[in-house]
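Subject: Handover of a structure and the findings on it

Dear colleague,

Please find the structure below.

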Amino acid sequence: MEMTAAEALVKCLEKEQVEVIFGYPGASIFPVYDALYHCTSIKHILVRHEQGAAHAADGYARATGRVGVCMSTSGPGATNLVTGLANAYMDSVPLVAFTGQVPTSQVGTDAFQEVDITGITMPITKHNYLVKDAAQLPRIVKDAFHIAASGRPGPVLIDLPKDVLLTVIDYHYPRSVNLRGYKPNYKGHPNQINEAAKLIAQSRRPVIYAGGGILSANAGKELLTLAETISAPVTNTFMGLSGFPGDHPLFLGMLGLHGTRAANLAVTNSDLLIALGARFDDRVTAKIAEFAPRAGVVHIDIDPAEIGKNVPVHVPIVGDVKLVLRELLPKLVKRDDTSWLEQIQAWKEQYPLCYCQESEELKPQYVVEKLYDLTKDDDVTVVTDVGQHQMWVAQYYRFKTPGSLISSGGLGTMGFGLPAAVGAQLGLPGRQVILVTGDGSIQMTMQELATAMEQKLPLKIIILNNKVLGMVRQLQQMYCESRYIAVDFDFHPDFAMLARAYGMKDYTLCTPAEVDRLLPEALAQAGPVLVHCVVSTMENVNPVVPVGKAINEAVDC
């Protein structure tokens, strides 16, 4: 069947069952938009900035488990996707991004709105393509979706010169993918699984350390079975939160820099660390020489590059966490020894998360706790931006359902939250999506309020406004003798008036009593709502592990 490559691209997307594309048009990509005009099965969401398109596709992918799709024109449109692609790459999120490009005859001539986007994004994509032969486009699209979603997921970019898009081809979509040299290993080696089972049987103080790979592999059920079978406490990385029920007796809370003291002490004193889909990043390990110093390490991960990268591993198992655990579980014997769990419980009781809410000044932790109390029995997804509010959500909101937290982990992208919440809500129209953001983060992408309103999304947006770049202020307090610079917001928009400007219902809460009275009302509204919470400026995220210290040396500051 003959058609232009742009029309073929839309056909390819229909074959991949793409339902939503987040994008922003321009001259180089307009042939694709023209082809979309006649497509009824794919909904295009017009964002207000291309960075919003990438983050929205990211949020959609995390919420649905499907490949997110975004699109931009060439030049600045393409470079505006870069932060979102880097964010997805760091957090292993499956995306396919399409960028327009100048005609092939002008590539390399510094033409108007030309950039080498494949060169720019090479370090932050799982793979990318510059399409020079229009006839190869269907195969490239098929390969791109396969690469994005298989193995360790990640973003793939396809750069589309305008003349290639207008070329007429004989359209045929491949039925299968055959990529020489790309064969992800899903099944763990039987001998290594047997070795892991032996170490688990011999251990007396095991700890399960579960990362984002638990969610990517949809292995929450197997993780729960493992923990209950061997009576091992579970700690999550930030990216792994929601992978294990936050109200389970075996849950230790988050591990690492702002982790609970119980989690950090358990790992430090463990004799076996069972790492599942985690990468031992610096926010978890802190002083790496003293991280789990007496523990053997079993590390299960689908990416062989992560195993042994940061810490020595005694039993490496390359494979899909879900499949490996299914092979491992029948080899384990249920444990009855309670002495280790008694020690864990003692640490929990001795070092609980706490803050002081004695005056009428509203503490941000109180807002998060109240939000949890109001929504813990509901079907909700919480999205956060990056900063102190993100850590308070991680500490005080006890996630129970896998995938119910969406946030930027590895890259730590301020501005991620609002567009990601838009993408999540579009992907899960029957689920309540709640964004918790900060006054700094929301201003980086607040133009996407227009996208939310245009799409009539029932988002609930909670701004914790402390009038400062809180995490940077906390660092300056700790390490710069409170020499504060470039962190105070001397001018803010009136967030209530901003909400009204976009046609959104608003609430402003300044005291615990107002939170108690009005937050339930705000969450019960049918449409989009912005809740502006004026909170304490000097509140810190505690506990915190100082630079150069081990995770068991956390302090309050």
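The protein chain divides into domain 1 (2-170), domain 2 (190-350) and domain 3 (364-534), with bounds that come from an automatic or database domain assignment. This is a predicted model, in which local features need pLDDT of at least 70 and side-chain atom pairs count only at pLDDT 80 or more, while totals for chains, interfaces and linings use all residues. Residues are numbered from 1 along each chain as its sequence is written, and side-chain values use heavy atoms, with hydrogens and water left out.

Domain 1 and domain 3 have C-alpha centres 29 Å apart. Their contact (heavy atoms within 4.5 Å) takes 22 residues from domain 1 and 23 residues from domain 3.

Within the span of domain 2 (190-350), helix α9 (residues 190-202) packs on helix α14 (residues 321-328) at an angle of about 65°, and the axes are 10 Å apart. Helices (H or I, at least four residues) and strands (E, at least two) are DSSP runs, numbered from the N terminus. Axes are lines fitted to C-alpha atoms, for helices over the stretch in contact, and angles run from 0 to 180 degrees between N-to-C directions. In this contact, α9 contributes Ile-193, Ala-196, Ala-197 and Ile-200, and α14 contributes Val-324, Glu-327 and Leu-328. By class, these residues are 6 nonpolar, no polar and 1 charged.

Turning to pockets and cavities, the search used a 1 Å grid over the protein atoms alone: a cavity is a set of points where a 1.4 Å probe fits but cannot get out, a pocket is an open set with protein on both sides within 12 Å along at least five of seven lines, and lining residues have an atom within 4 Å of a point. Grid points are joined across faces, edges and corners, and a volume is the space filled by probe spheres set on the points.

The second largest pocket has a volume of about 510 Å³. Its lining comprises 26 residues, and Gly-253, Thr-260, Leu-353, Gln-395 and Arg-398 lie nearest the centre. Domain 2 and domain 3 each provide at least three residues of this lining. At least two residues come from each of β11 (251-254), α16 (364-375) and α17 (388-396), and β11 gives the most, with 4 residues.

With kind regards

Key. Ala, Val, Leu, Ile, Met, Phe, Trp, Tyr, Cys and Pro count as nonpolar, Asp, Glu, Lys and Arg as charged, and the others, Gly among them, as polar.
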